[in-house]
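Got the viewer open and a selection tool at hand? Let's take a walk through this one, stop by stop.

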Amino acid sequence: MLLRVVKNGPTVLALDLERRIAGRGAWLHPDLDCLALALKRGGFARAFKAQVNAKEVEGQLRTVIVQNELIQAESGSEN
């Protein structure tokens, strides 16, 4: 499973959980280390070929990633 982030306005990013929002999207592994690396290296700006404000969607991404990790741990899917 990958998370999709779309450019929703000139500099605004939005999390697209249903993968239905039109426009250019960037994909991210549901992993906090991957998110940190994308933020550090400017991955969203590179994916959208424009300066964007990733801080607005960062909190949403962190919440979804943590929830996903909890669900996987409870389901026993790591076996």
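This is a predicted model: local features need pLDDT of at least 70, side-chain atom pairs count only at pLDDT 80 or more; totals for chains, interfaces and linings use all residues.

**Stop one: leucine 28**

Start by selecting leucine 28, which sits in strand β3. Residues are numbered from 1 along each chain as its sequence is written, and side-chain values use heavy atoms, with hydrogens and water left out.

Is leucine 28 buried or exposed? It counts as buried, at 3% relative accessibility. Here buried means under 20% relative accessible area, exposed means over 50%, and partly exposed is in between (1.4 Å probe, protein chains only).

Now show what surrounds leucine 28. Setting aside residues up to four places away in sequence, it touches Leu2, Leu3, Cys34, Leu35, Ala38, Phe44 and Leu61. A contact means heavy atoms within 4.5 Å.

**Stop two: the whole chain**

Zoom out and switch to a cartoon view. Taken along the principal axes, the C-alpha atoms fill a box of roughly 40 × 25 × 15 Å. The chain has 79 residues, and 30% of them count as buried. Among contacts with a separation of 6 or more, 50% come from residues 24 or more positions apart.

**Stop three: the nonpolar core**

Next, select Val5, Leu13, Leu15, Phe44, Phe48 and Leu61. Of the 16 residues in the largest nonpolar core, these touch the most other members. Each of β1, β2, β3, α1 (32–41), α2 (43–48) and α3 supplies at least two residues of this core. Which element gives the largest share? That is α3, with 4 residues. A nonpolar core is a set of buried Ala, Val, Leu, Ile, Met, Phe, Trp, Tyr and Cys residues joined through side-chain atoms within 4.5 Å.

Stay on leucine 15 for a moment. Leaving aside neighbours within four places in sequence, its contacts include Leu3, Val5, Ile21, Val57 and Val64, and also Arg4 and Gln60.

**Stop four: salt bridges**

Side chains of opposite charge can pair when their charged atoms come close. A salt bridge here is a side-chain nitrogen of Lys or Arg within 4 Å of a carboxyl oxygen of Asp or Glu. How many salt bridges does this rule give? The count comes to 3.

Pick arginine 4 and aspartate 16, whose side chains meet in a salt bridge at 2.6 Å, N to O. This pair links distant parts of the chain, 12 residues apart: arginine 4 is in strand β1 (residues 3–7), and aspartate 16 is in the loop between β2 (13–15) and β3 (25–28). Both residues are buried.

Then move to helix α3 and select glutamate 58. It forms a salt bridge with lysine 55, with the closest N and O atoms 3.2 Å apart. Because lysine 55 and glutamate 58 are 3 residues apart in helix α3 (residues 55–75), they are separated by about one helical turn. Lysine 55 is exposed, at 59% relative accessible area, whereas glutamate 58 counts as buried at 12%.

Salt bridges that share partners join Lys55, Glu58 and Arg62 into one network.

Most residues other than glycine have a negative phi. Select arginine 19, in the loop between β2 and β3: it has a positive phi of about 55°. Finish at lysine 49, in the loop between α2 and α3, where phi is also positive, near 55°. Lysine 49 counts as exposed, at 66% relative accessibility, and arginine 19 as partly exposed, at 41%.
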